[in-house]
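Please keep the sequence and the structure open while reading.

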Amino acid sequence: MNISDKNAALATIAALEAKGDISSLGQAINVGFDSGLTVSEIKEALSQLYAYTGFPRSLNALGTLQQVINNRQAAGLPTEQGTEADPLPADYNALKQGTDVQTRLSGKPFNYEFAPQTDYYLKAHLFGDIFARNNLPFATREIVTVSAISALKGCEPQLRAHVAGARNMGVSDDEIRALPAVLEKNVGAEEAFRLRKAIATVFNEPFTEGDPVENQVFPTGEPNTAYAKYFIGNSYLAPLASGEGKLGVANVTFEPRCRNNWHIHHRGGQILICVGGRGWYQEWGKPARELHPGDVVDIPAEAKHWHGAARDSWFQHIAIGVPAEGATTTWLEPVIDEEYDKLP
Ligand code: MN
């Protein structure tokens, strides 16, 4: 591992704070103390994060920290206080200090002219007042920021900017590359996926993880976490068209062995257009149908069915929800291994 236990723990704490996963955060803070993090360091990281994730997340996480400290003290476990930040020098100028820090982080001067007041907050407050506190080095602050933004959906531009910022603040490429595995293990697949993708872009490397099918045409998209509870295995979803009054069209990618539960599309039905790999479709009471690119499945409304990948291949189909008044989907029992393993 190219990352210290302390920094791995801090990255985990930061991402769980941003995700709002308070139940896992307490355990992560305990691991942090056992790895040698101090109260001062954890408190500083969670305080800094209010600028990225808002006061509600930050305050909830600080509350969890306080509770963990109390529990550890009651249990006779150590909690190292650590060093408080030094007082700021008498001639401290928040705007000047912050502008210097921001320029170093961005690699060039950054001026947000559209919203001058926000430009001032970024410089004088975030990169000035907060970063001037010397109980966390700049490099560590960037590990905290990168990990937290990995847990914020839709902030990919900022995530890429801070991966570059981490480099500019002295975090080694090896350490940056170690972060996604830390998030995968302790926080979630979606957060790790986002960070891997951002790192590949910033490091100017191909991101092949999202293109598992040979000669792939349509994008893989992101981990299909919203429907994960109705799937066995990992799937990915790339909306191709969506929104009010639109036909719902998405490219769905299944890893080998991944399949969805038995389910029913009421009223509208569904059309699958197979675009990559090898997969299966089965209707209740009928033999499974093997699928290859070019195959089309017209699933009638009210038919109980499942679809997914073959055991030895990724599979992709475009799914089109046939529009109908009051169309819904009912999710039923999973396709258990005993059933699935009968298929070649
Ligand atoms: Mn279906």
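Buried means under 20% relative accessible area, exposed over 50% and partly exposed in between, with a 1.4 Å probe and protein chains only. The model is predicted, so local features need pLDDT of at least 70 and side-chain atom pairs count only at pLDDT 80 or more, while totals for chains, interfaces and linings use all residues. Residues are numbered from 1 along each chain as its sequence is written, and side-chain values use heavy atoms, with hydrogens and water left out.

**Helix α8**
- Helices are DSSP runs of H or I with at least four residues, strands are runs of E with at least two, and both are numbered from the N terminus.
- Of the 13 residues of α8, 11 are buried, so the helix is largely enclosed by the rest of the structure; among them are Arg141, Glu142 and Ile143.

**Second largest pocket**
- A pocket is an open set of points on a 1 Å grid over the protein atoms alone, where a 1.4 Å probe fits, with protein on both sides within 12 Å along at least five of seven lines; lining residues have an atom within 4 Å of a point.
- This pocket has 21 lining residues, and Phe110, Leu122, Gln158, Ala161 and His162 lie nearest its centre.
- Helix α9 gives the most to the lining, with 7 residues, and α4, α6 and α7 each supply at least two.

**Largest pocket**
- The lining of the largest pocket comprises 35 residues, with Tyr227, Gly248, Gln270, Ala319 and Gly321 the closest to its centre.
- Elements giving two or more residues to this lining are β3, β4, β6, β12 and β13.
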